[in-house]
Amino acid sequence: MHTAQAQSELPGTFTVTDERASEEISEVSRLYLDGNLVATFRLGLSKSRETRTIPLPAGRYDVDYALCGEITIMHNGHQETHQVSSEGQLHHPEGHTLDAVGSNNFTDFFLVDYNDPSVATHRHGRAAVCATPSS
């Protein structure tokens, strides 16, 4: 029974899948929970999909997230690189599978659970943690 008690105290996990859209050439995206980097996804012509298991911070069921990325697409025969980011909150995401989704012509980037939209809320606009430091 001691082992069962220890297992119940372990943080839950959820998965995030990032998939390259047909017009994308490459993508590098980073997922932050409560301001801490927890996963980096790298997609390209030879790798179109990646799924990662993400541990929740211990004792937390609602966590803030930020999704940041650089997406290179082919548009009108030319390559364009877009810096995309957004932030939101995850509500009891343990056991869920979320998708990293780009919208608005690759200018917005957020997490969604298509089976249970209440798991992730999304705030439009750039995530502060994604800002590149200027020197």
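Which backbone nitrogen does the side chain of Glu50 reach at 3.3 Å? That of Arg42.

## Model and conventions

This is a predicted model: local features need pLDDT of at least 70, side-chain atom pairs count only at pLDDT 80 or more, and totals for chains, interfaces and linings use all residues. Residues are numbered from 1 along each chain as its sequence is written, and side-chain values use heavy atoms, with hydrogens and water left out.

## Fold

The protein chain holds one helix and nine strands. Helices (H or I, at least four residues) and strands (E, at least two) are DSSP runs, numbered from the N terminus. The order from the N terminus is α-β-β-β-β-β-β-β-β-β.

Of the 135 residues in the protein chain, 39% are buried. Buried means under 20% relative accessible area, exposed over 50%, and partly exposed in between (1.4 Å probe, protein chains only). Among contacts (heavy atoms within 4.5 Å) with a separation of 6 or more, 62% join residues 24 or more positions apart.

## Glu50

Glu50 sits in strand β4 (residues 49–55). Glu50 counts as buried because its relative accessibility is 13%. Its side chain also makes a polar contact of 3.3 Å with the side chain of Lys47. A polar contact is a pair of N or O atoms within 3.5 Å; within protein, one must be able to donate a hydrogen and the other to accept it, and residues adjacent in sequence count only if both atoms are side-chain atoms.

Not counting residues up to four places away in sequence, Glu50 touches Val16, Thr17, Asp18, Thr40, Phe41, Arg42 and Leu43.

## Nonpolar cores

A nonpolar core is a set of buried Ala, Val, Leu, Ile, Met, Phe, Trp, Tyr and Cys residues joined through side-chain atoms within 4.5 Å. The largest has 25 residues. Phe14, Leu31, Tyr65, Leu90 and Leu111 touch the most other members. Two or more residues come from each of β1, β2, β3 (36–43), β5 (62–75), β6 (78–91), β7 and β8 (108–112). The largest share, five residues, is from β5. Apart from this core lies another, of five residues, including Tyr32, Ala66, Ala127 and Cys130.

Leaving aside neighbours within four places in sequence, the contacts of Tyr65 include Leu31, Leu33, Leu90, Phe110, Leu111 and His122.

Val28 belongs to strand β2. Val28 is partly exposed, at 29% relative accessible area. Beyond four places in sequence, Val28 touches Thr40, Phe41, Arg42, Cys68, Gly69 and Glu70. Val28 and Gln83 are 55 residues apart in sequence, yet 9.9 Å apart C-alpha to C-alpha.

Leu37 lies in strand β3. Leu37 is partly exposed, with 47% relative accessible area. Its contacts, leaving aside neighbours within four places, are Arg30, Leu31 and Tyr32. Leu37 and Ala66 are 29 residues apart in sequence and 9.1 Å apart in space, C-alpha to C-alpha.

## Largest pocket

The largest pocket has a volume of about 160 Å³. A pocket is an open set of points on a 1 Å grid over the protein atoms alone, where a 1.4 Å probe fits, with protein on both sides within 12 Å along at least five of seven lines; lining residues have an atom within 4 Å of a point. Grid points are joined across faces, edges and corners, and a volume is the space filled by probe spheres set on the points.

The lining has 13 residues, with Asp18, Glu19, Ala100, Val101 and Gly102 nearest the centre of the pocket. Strands β1 (13–19), β2 (24–33) and β7 (97–103) each give two or more. The largest share, four residues, is from β7.
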